Amino acid sequence: MKITYYGQSCLLVEQDGKSVIIDPFLSGNPHVNVAPKDIKVDAVILTHGHADHFGDTVEIANNNNCPVIAVVELAQYTAGKGVENTVGMNLGGSKQFDGFKVKYTLAFHSSSIEENGQNIYLGEPAGILLTMGDKTLYHAGDTALFGDMKLIGELNTIDIAALPIGDFFTMGPDDALIAAKWIKANQVIPVHYNTFPPIEQDAEAFAKELEREGIKGLPLAIGESVEI
């Protein structure tokens, strides 16, 4: 499994000729220099509907003629924006696709998007267990620390996790460290930080704290990849 970090919470995940992108917030992120038109994937997977996660979903899905996988209300919203192929799932549900499996987990956050001064409800936020080949990535989405992360760790073999560390809107580094231990991840990629002033964090310091707990921290630069 190869994972490339594209800022905020966006990951491109590749395995055996298949690729998916999670939360493709690219053109709106001033720190990212990859264009949506350059993304070639077999699916777009969303954790929730906030603009810094929904991002370039419509353009990427239409360019690649690929499905958008999301919680059902968000999938319906995406279909209304002109994406022909959407898969509306929900928390606890899983589905085997061609070359990868998606299971949605709990996340504690919110999910909406603003249009014409109104917030549109887009279903519940979620985390993602993405399995490709014999490797499983847990992308926690935007979330607070919550006790059932222990259960996620007990019921799944998580090879690598992406955990938000930005604080303010999500859990911060201290809670993310606890989450990393609860989910029993071997490696952790910090996400959802340094995009905007309220979520500025020192990812290198977080990685050092992980190392003290015997967990490999991977504070990837934007555009940097790791293979597991």
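Begin by selecting helix H2, residues 57-64, which in this predicted model lies across strand E3 (18-22), E4 and E5, and runs at about 160 degrees to E4. Next select helix H3, residues 72-80, which lies across E5 and E6 and runs at about 135 degrees to E5.

With side chains shown, pick Val-44, which stands opposite Val-68 in E5.

Widening the selection brings in the whole sheet, which is open, has seven strands in the order E6-E5-E4-E3-E2-E1-E16, and is mixed in its pairing. Its edge strands are E6 (86-89) and E16 (225-227), each of which pairs on one side only. If you follow the sheet across, the twist from one strand to the next averages 20 degrees.

For the next stop, select Leu-130 and Tyr-138, which touch the most other members of the largest nonpolar core, a set of 76 residues. Then colour strand E11 (residues 126-132), which gives the most to this core, with five residues.

Finally, select the cysteines: how many disulfides does a search of the whole structure find? The search finds zero. Cys-10 is in no disulfide, and the nearest cysteine sulfur, that of Cys-66, is 13 Å away, whereas a disulfide needs sulfur atoms within 2.5 Å. Cys-66 is likewise in no disulfide. With a surface displayed, note that Cys-10 is buried, with a relative accessible area of 0%, and that Cys-66 is buried, with a relative accessible area of 4%.

How values were computed. Residues numbered from 1 in each chain as written. Predicted model: local features only at pLDDT ≥ 70, side-chain atom pairs only at ≥ 80, totals over all residues. Heavy atoms only, no water. Buried < 20%, exposed > 50% of the residue type's maximum accessible area, 1.4 Å probe, protein only. Core = buried A, V, L, I, M, F, W, Y, C linked by side-chain atoms within 4.5 Å. Helix = DSSP H or I, 4+ residues; strand = E, 2+ residues; numbered from the N terminus. Pairing = 2+ DSSP bridges. Axes fitted to C-alpha atoms, helices over the stretch in contact; angles between N-to-C directions. Contact = heavy atoms within 4.5 Å.
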